[in-house]
Amino acid sequence: MPAKFKPVVKGTKVFVQGRIAYQHLTQPYAAKPDDKPAYSCCVIVSREDGAVVEKAVAAFRETPEASGVWGGKRPSTFKQLIHDGDEREDAAFKGRKYFNCKSYRPVSVQNRDKLPIVNESEIYSGMWGIVCLNIYAYNNAGGKGVALGLAAVLKTADDTAFTGSDGSNSFNDIDVPAADDDDDDIC
């Protein structure tokens, strides 16, 4: 776990550190065939940092900028953007908050020296990073609301990957039978 980073809110931008999950930061991804492919990730944050993001989103909902996108009519309800990790089965989410963010444009992923990460194997679900979010209002056929746009990620630390492995340790816990030259047992 990296050193604590205190979230920063600058207008519609929010900088918050968390653990990156379900990342599609190097190639756009569409969950459904009709979806527009996007660069995206889920960010797992402390409960305190999740509250900072929630406050920034709530404040943005009250701005003239948001009201203008909605034609002066504020939606009566809003989609929940920050979720309680205790409602998930995955242990990495327990005791934390999480949110999803995306961009239809390529996302800058940088190292601690603020240089682009060119080796894609260094970008994975489970790493820690500071994400730069853009809070924005939308008004489209799907409705009106507020969303979290993903602008950039600054990787702050490595950690155990959430998914996938190279398989090198897959057979460590089993006994492999001795080689047998008798081919009679082969189906």
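A salt bridge is a side-chain nitrogen of Lys or Arg within 4 Å of a carboxyl oxygen of Asp or Glu. The views below are taken from a predicted model.

View 1. Arg 47 and Asp 86 form a salt bridge in which the closest N and O atoms are 2.6 Å apart. This pair links distant parts of the chain, with Arg 47 in helix H1 and Asp 86 in the loop between S4 and strand S5 (96-103), 39 residues apart. Arg 47 also forms a salt bridge with Asp 84, where the closest N and O atoms are 2.9 Å apart. Here too the pair links distant parts of the chain: Asp 84 belongs to strand S4 (residues 83-84) and is 37 residues from Arg 47. Relative accessible area is 27% for Arg 47, which is therefore partly exposed. Asp 84, at 24% relative accessibility, counts as partly exposed, and Asp 86 counts as partly exposed at 40%.

**View 2. A salt bridge connects Asp 49 with Lys 4.** A search of the whole structure finds 7 salt bridges. In the one shown, the side chains of Asp 49 and Lys 4 meet with an N to O distance of 2.9 Å. The pair links distant parts of the chain: Asp 49 is in helix H1 (residues 47-61), whereas Lys 4 is in the segment before strand S1 (8-10), 45 residues apart. Asp 49 has a relative accessibility of 5% and so counts as buried, while Lys 4 is exposed, with a relative accessible area of 62%.

**View 3. Trp 70 and Phe 78 form a tilted aromatic pair.** The whole structure holds 2 aromatic pairs by this search. The ring centres of Trp 70 and Phe 78 are 5.6 Å apart and the planes stand at 50°, so the pair is tilted. Trp 70 is buried because its relative accessible area is 2%, the cut-off for buried being under 20%. Arg 61 lies over the face of Phe 78, at 4.3 Å from the ring centre.

**View 4. Phe 93 and Tyr 98 form an edge-to-face aromatic pair.** Their rings are 5.1 Å apart, centre to centre, with 85° between the planes. Both Phe 93 and Tyr 98 are buried. The charged end of Arg 88 sits over the ring of Tyr 98, 5.2 Å from its centre.

**View 5. Thr 156 is a buried residue of strand S8.** Its relative accessibility is 9%, so Thr 156 counts as buried. With neighbours within four places in sequence left aside, Thr 156 is in contact with Pro 2, Gln 17, Arg 112, Trp 128, Gly 129 and Ile 130.

**View 6. Phe 171, Ile 174 and Val 176 make a nonpolar surface patch.** The area of the patch is about 350 Å². Val 176 lies in the segment after strand S8 (143-157) and counts as exposed, at 65% relative accessibility. Ala 178 is also placed in the segment after S8. With a relative accessible area of 70%, Ala 178 is exposed. The C-alpha atoms of Ala 178 and Ile 44 are separated by 46 Å, and the two residues are 134 residues apart along the chain.

Conventions. Residues numbered from 1 in each chain as written. Predicted model: local features only at pLDDT ≥ 70, side-chain atom pairs only at ≥ 80, totals over all residues. Heavy atoms only, no water. Patch = residues over 30% accessible without salt bridge, like charges linked within 9 Å, V, L, I, M, F, W, Y side chains within 5 Å. Areas by Shrake-Rupley, 256 points an atom, 1.4 Å probe, with all protein chains shown as cover. Helix = DSSP H or I, 4+ residues; strand = E, 2+ residues; numbered from the N terminus. Buried < 20%, exposed > 50% of the residue type's maximum accessible area, 1.4 Å probe, protein only. Phe/Tyr/Trp six-rings, centres within 6.5 Å; stacked < 30°, edge-to-face > 60°. Lys NZ or Arg CZ within 6 Å of the ring centre and 35° of its normal. Contact = heavy atoms within 4.5 Å.
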